[in-house]
Amino acid sequence: MNGAHDMGGMDGFGPVVAEKNEPVFHADWERRTFAMTVAMGFYGAWNIDMARHARERMEPGEYLRTSYYEHWLHGLETLLVEKGLVSAEELEARRAELAKKS
Amino acid sequence: MPKLTAETVLPILRAGDSARLPDDVPAKFKPGQSVRVRNLNPLGHTRAPRYIRGKTGRIDRDHGVMVFPDTNAAGTGKKPQHVYSVRFEGREIWGPDAPSKEAIYVDLWDDYLDPA
Amino acid sequence: MSAHDHDHDHSDVPSDLALRVKALESLLVEKGLVDPAALDILIDTYETKVGPRNGAKVVARAWADPAFKARLLKDASKTIAEFGFDGRQGKDMVVVENTDEVHNMVVCTLCSCYPWPVLGLPPVWYKASPYRAKAVRDPRGVLQDFGVTLPEEIEIRVWDSTAELRYLVLPQRPKGTEGLSEEALADLVTRDSMIGTGLAKTPGAKP
């Protein structure tokens, strides 16, 4: 699909800026998102091309505004719901439950 | 049950995730051959970026037979076929005002290419 | 309703993401879809065990041993696997050599494909829009962003990792390194030099 992810040659993003001595992960949620994505990649409900496509289907404005692991999280949630492994309602309910506790 | 457990995780990582397939599929193109990228704009997953569609390049090397991502992502099959590094001159992609002495190599499948 | 519906602007504060991830993981564990111990090992592996030091050793060996270098350029997958670095996102490798005539740079414009077994996980800049957009369009500009200027006569080759081949740049061996041990040579090989956005360090250069 001609999504925002297909950005070779797109202008306007400015210089490449590299963080010095950058850590592998910047937050714990990134670690867990990385690991869950890789683990579910082996589960067998989808293949790597389906996983990439799930990230690509993010709304373009959101894709460009959000960070790399946010793309992964979006992709993982999308696939889990589409494959019927987790429901959107279950996700919302669990988030609400945890929000009340915090 | 999860496939990935504490015991299986390192061996599974080591085994890897190659997309190579053993199918004996003939290659459509040869190294050195001129090819043009098809102007395909599928709504589903594809790995032919927009910046090369319709452009002409040269087969640099044949990587062998691999899974075809477009059909694999759609769940319609692995459709084994050859993948090539295709060399595009910078000016072919970006026009005559682009610097000379810049080339882009893109890995492309048989189904993305026509002879040029 | 999509899993992602909510009515606020999607500039999530970090705590929203932490909550979302916590909710997701707790459900996946309850449903027996993931094993938390496996997740911990995955994180530890890529946070502490696998990184560019692996690739640096391969490069140092190639500099020191012409026969190894020839094998590496001919069949990178087999040679790197024999060296001990093998696995996920690196089974099918291609090594591209920098010379006096050619400088190579690797990108994945469509996502973030990167040779994990030899370089670990990619840095943020490699996965972000500026690099993905600019590397194929203005590689010399990217090199300038990294403080590198190459002579105009050098041909720059940008490799867009669109398939499952993973690319490693073999940087040029710096001058003044004759007689250095492989270990000392490996210390000169930076991650950026193996992506192609930098050059290997010269001996005595600042880290």
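# Notebook: three chains and their contacts

I began with chain C: the centres of its domain 1 and domain 2, taken over C-alpha atoms, are 31 Å apart. The model I am reading is a predicted one. I looked up the bounds next. The domain assignment puts domain 1 of chain C at 14–48 and domain 2 at 51–195.

**Entry: chain A against chain C**

I turned to the contact of these two chains. Chain A gives 50 residues and chain C gives 48 residues. Which elements of chain A each supply at least two residues to the side that touches chain C? I found H1, helix H3 (60–65), helix H4 (68–82) and helix H5 (88–101). H1(A) has the largest share of that side, with twelve residues. I then sorted the side of chain A by class. I noted 28 nonpolar, eight polar and 14 charged residues.

I kept a general point in mind here. Two packed helices are described by the angle between their axes and the distance between the axes.

I took helix H1 (residues 28–43) of chain A and helix H2 (residues 36–49) of chain C. Their axes come within 9 Å and cross at roughly 110°. Angles of 65 to 115 degrees count as roughly perpendicular, so H1(A) and H2(C) are roughly perpendicular to each other. I noted the hand of the crossing of H1(A) and H2(C) as right-handed.

I listed the residues that make this contact. From H1(A) come A:Arg31, A:Arg32, A:Phe34, A:Ala35, A:Met36, A:Val38 and A:Ala39. From H2(C) come C:Ala38, C:Leu39, C:Leu42 and C:Ile43. By class, the contact of H1(A) with H2(C) has nine nonpolar, no polar and two charged residues.

**Entry: H1(A) and H4(A)**

I stayed with H1(A) and looked inside chain A. The axes of H1(A) and H4(A) come within 10 Å, crossing at roughly 45°. H1(A) is therefore oblique to H4(A). Is the crossing of H1(A) and H4(A) left-handed or right-handed? I read it as left-handed.

H1(A) brings A:Glu30, A:Thr33, A:Phe34, A:Met36, A:Thr37 and A:Met40 to this contact. H4(A) brings A:Tyr69, A:Trp72, A:Leu73 and A:Leu76. I counted classes for the contact of H1(A) with H4(A) too: seven nonpolar, two polar and one charged. A:Phe34 and A:Met36 are among the residues of H1(A) that touch H4(A), and they are also among those that touch H2(C).

**Entry: chain C against chain B**

I moved to the contact with chain B. Here 34 residues of chain C touch 30 residues of chain B. On the side of chain C, the elements giving two or more residues are H2, helix H9 (139–145) and strand S3 (155–160). S3(C) has the largest share, six residues. By class, I wrote down 15 nonpolar, eight polar and eleven charged residues for this side of chain C.

**Entry: a sheet across two chains**

I followed S3(C) into chain B. Strand S4 (residues 102–109) of chain B runs parallel to S3(C), joined by five bridges. B:Glu102 is opposite C:Ile156 there.

I then traced the whole sheet. It is open, has seven strands and mixed pairing, in the order S5(B)-S1(B)-S2(B)-S3(B)-S4(B)-S3(C)-S2(C). Which strands stand at the edges? I found strand S5 (113–115) of chain B and strand S2 (102–107) of chain C. Each has a single partner strand, so one side of each is left without a neighbour in the sheet. Neighbouring strands are turned by 35° against each other on average, direction ignored.

Strand S1 (residues 34–37) of chain B pairs with S5(B) in the antiparallel sense over three bridges. B:Val35 has B:Pro115 as its bridge partner in S5(B).

Conventions. Residues numbered from 1 in each chain as written. Chains lettered and ligands numbered in written order. Predicted model: local features only at pLDDT ≥ 70, side-chain atom pairs only at ≥ 80, totals over all residues. Axes fitted to C-alpha atoms, helices over the stretch in contact; angles between N-to-C directions. Helix = DSSP H or I, 4+ residues; strand = E, 2+ residues; numbered from the N terminus. Parallel < 35°, antiparallel > 145°, perpendicular 65-115°, else oblique. Left-handed = near helix turned anticlockwise from the far one by under 90°. Contact = placed C-beta atoms within 7 Å. Nonpolar A, V, L, I, M, F, W, Y, C, P; charged D, E, K, R; others polar. Domains from an automatic or database assignment. Pairing = 2+ DSSP bridges.
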